[in-house]
Amino acid sequence: METKFHAITNGEAIDRNDIPHLPFTEFRDEALALVAEGGKVVQLFGTAAVDGALPDGALPDGLLPTIAVMRLEDQLWVAATDLPETYASLTQEAEVFHLFERELAEQFGVTPEDHPWLRMVRYHPNYADRPDVFGNDYAVDIPGNYSYYAVAGEEIHEVAVGPVHAGVIEPGHFRFNCIGERVLNLEISLGFQHRGIEPMLPGATAGRRQLLVGTIAGDTSAAHSLCHAHAIEALALADLSVSTPDQMVRTAALELERLANHTGDLGALSGDVAFLPPANYCGRMRGDLLNMTLWFCGNRFSRGLVVPGGVGMDLEPVDSETVLGRLTELKPQLEHVIDLIFTTSTVRARFDGCGRVSHEDAQHLGLVGPAARASGMDYDARRVFPTEHYTQIDVPKCQPFTGDVYARARVRADEIIASVALLQDLLPKIKSTKSTAVQDHALAPSSLVVTLNEAWRGEVSHCVLTDAQGKIERYKIKDPSFHNWNGLAMSLRDTGISDFPLNNKSFNLSYCGHDL
Amino acid sequence: MLKTLMNRFEQGNRTSSYPKTPIEMPSRYRGVPTIAPEGPDAPADLAKACAEACPQAAFDADKRTIDLGRCCFCGTCERVSKSKLVHFTQSFELSTAKREHLITDGIGAKNGANDDANAGALPDLANHAKQHFKKLFGRSLQLRQISAAGCNACEADLNVLTTPFFDLSRFGIDFVASPRHADAVVVTGPISRNMRTATLTTYEAMPAPKAVIAVGACAISGGPFTGSPEVSEGLESLLPVDLFIPGCPAHPLTNLHALLSFFK
């Protein structure tokens, strides 16, 4: 298709001068045209330096330099523009921009006019020292000036849940508008987990950056570390090309992460419909999978395993043999428990038709990962933008699904089976690896790199911009949960409120990945 | 029905007999560190190099100590010193009752041996536990967990204690859904500005006497987020902490050992 956006490749640095700079109206038209063709937003963010110490009036002429990264089929597109203090929102034309525009407003004080739901995302003062778009005084506690969507009527009632929840889980606030047991609307307001990671990254040493990207979402450590590693490898002036065995280990790390989390999710889903045996079995097997990662790197959440330039450990053939042995032992147990879950009629009765998100809604919201695949979108970054060893692997396309809890569970089960097969094929090929030390590298000046990887929740993307001296000027992170929280809200429409826990588990989104 | 039974048979009994039988950790696990005294193998220069390389500023080159409350157990100092100065043992018994106890001089190594048997660099937790807590909560301990900007790794490794391998409830310990039912609060994460009030409100909602447990580098010191204006410098700046469980995240066995030693 014809577009004024510039084609880029996943994980390849480009000169910032090669990014087409479009006047805002043209930028808006081109971006919307991409969406009309089925394009999705990968990143949309202000590129003013964010290092926690912006001087007053940091935006020249009051304009916010902004970059959009879009994807359409198997191509990535980039363009830049300058956003005036108020601009015509893109969200009113295409829902996929919804949270991105709210984030821009919160981070830099630019107002998207006619945005249908302009609210805070994470509740923090903007980085540009501008008047607050939301009229908040941040000395006052969260939520500030946040008016929730309200439904009026005699029999309407509201249920407010959180931030602290009943289980051992992260904090967030859920506001239900119900008529009787039926949910008319669920609004999810987050921000409680905001730690200010993005402003910390540009000034951090390589060692600290490694720790920070590993904790963006602790359960998605491998994927975020991989996106970070790809970005640094692309930008570094030194040759940081990754050896084939290292690539295999990194691929294995990502797949083990997927396996552990999907297995845990299936158990939790089973537990939520009161079928307890698989809940216990999956909880235990998830631990075994985490312990395989522990075997590789000394940490159950793969901290320090994926580093720029390779892997952080010296591995011997015996290591992958050990993990392969454990996985081979676990495989039939996984298969049998999955079979047990999906052939138990009481489970099927609860899963089938619950919390359906239509294909059309999923497209509009721009869902990613298993949640999107459950609604019949077959996008998988491993197949469409392959990195590492995925270039050699045939990641199976998922079958069309119905968008309900059953579909979201089934996608996970299928991915577990596929991941086990993938690892059984991959692990025997891994011989020894040599550890790569985490160190500061000189980076290419005035460059941009966009990296994408398929984490267990969906597409993770990091975007790094360097200044004329080769210092990181802006480090933008996007966790898949940023796309998917609204999918959860959508699934609850017209669903019984007692099915909320089940639907919530079926998405199992990250609070801290969203809140950063 | 048949499938349920067959699965039950295949899964078997998985509950660990810890603490009766010890559990051995894999060799790459990084637990209690040992630190070698100054000598030809571990000169002052090497200590400086370790301190400079530490991303968490947890290593003090002059005193030759590691602050386990800041340490993220990334193993950088061990790599830099090629295990000659710092060596992480496989001992997961890392927890202490006092913040200052977490600043360890790695005494195990000073005794001449750089091995796990001598890893006792930390004061014995059971001896420093508050005795009235043992009396009150030794038979039944109900925990309320607050994730205050935790990255879900510490939360996951607490949650896993309820799975069959660890089976926390066999010790009379459980996680409960309300602070009203809780004896102790378990806080994870660096307590973001946006979670500060919710954390304090939850604590206030608990009936006294109550214990406070900080799990993970973030809850103890701010962890990797130290220095961000959006987080605190640790739970102690808000609440009186009784038990410190370090790690990034704290291994489930570190958590279990701490709970059993401190309360049982």
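These notebook entries record what I looked up on a helix contact and a sheet.

**Basis.** I worked from a predicted model, in which local features need pLDDT of at least 70, side-chain atom pairs count only at pLDDT 80 or more, and totals for chains, interfaces and linings use all residues. Residues are numbered from 1 along each chain as its sequence is written, chains are lettered from A and ligands numbered from 1 in the order in which they are written, and side-chain values use heavy atoms, without hydrogens and water.

**Helix pair.** I looked up helix α7 (residues 276-297) of chain A and helix α1 (residues 2-11) of chain B, whose axes come within 11 Å and cross at roughly 30 degrees. Helices (H or I, at least four residues) and strands (E, at least two) are DSSP runs, numbered from the N terminus. Axes are lines fitted to C-alpha atoms, for helices over the stretch in contact, and angles run from 0 to 180 degrees between N-to-C directions. α7(A) and α1(B) are therefore roughly parallel (angles under 35 degrees). I noted A:Pro277, A:Tyr281, A:Arg284 and A:Met285 of α7(A) in contact with B:Thr4, B:Asn7, B:Arg8 and B:Gln11 of α1(B) (heavy atoms within 4.5 Å).

**Sheet.** I then found an open sheet of 3 strands in chain A, ordered β8-β9-β10 with antiparallel pairing (at least two DSSP bridges between two strands). β8 (156-161) and β10 (182-189) of chain A each have a single partner strand, so one side of each lacks a neighbour in the sheet. I recorded 6 bridges between β8(A) and β9 (residues 173-179) of chain A. A:Ala160 has A:Arg175 in β9(A) as its bridge partner.

**Helix on the sheet.** Finally, I saw that helix α14 (residues 481-491) of chain A lies across β9 and β10 of chain A, at about 160 degrees to β10(A).

Technical notes:
Parallel < 35°, antiparallel > 145°, perpendicular 65-115°, else oblique.
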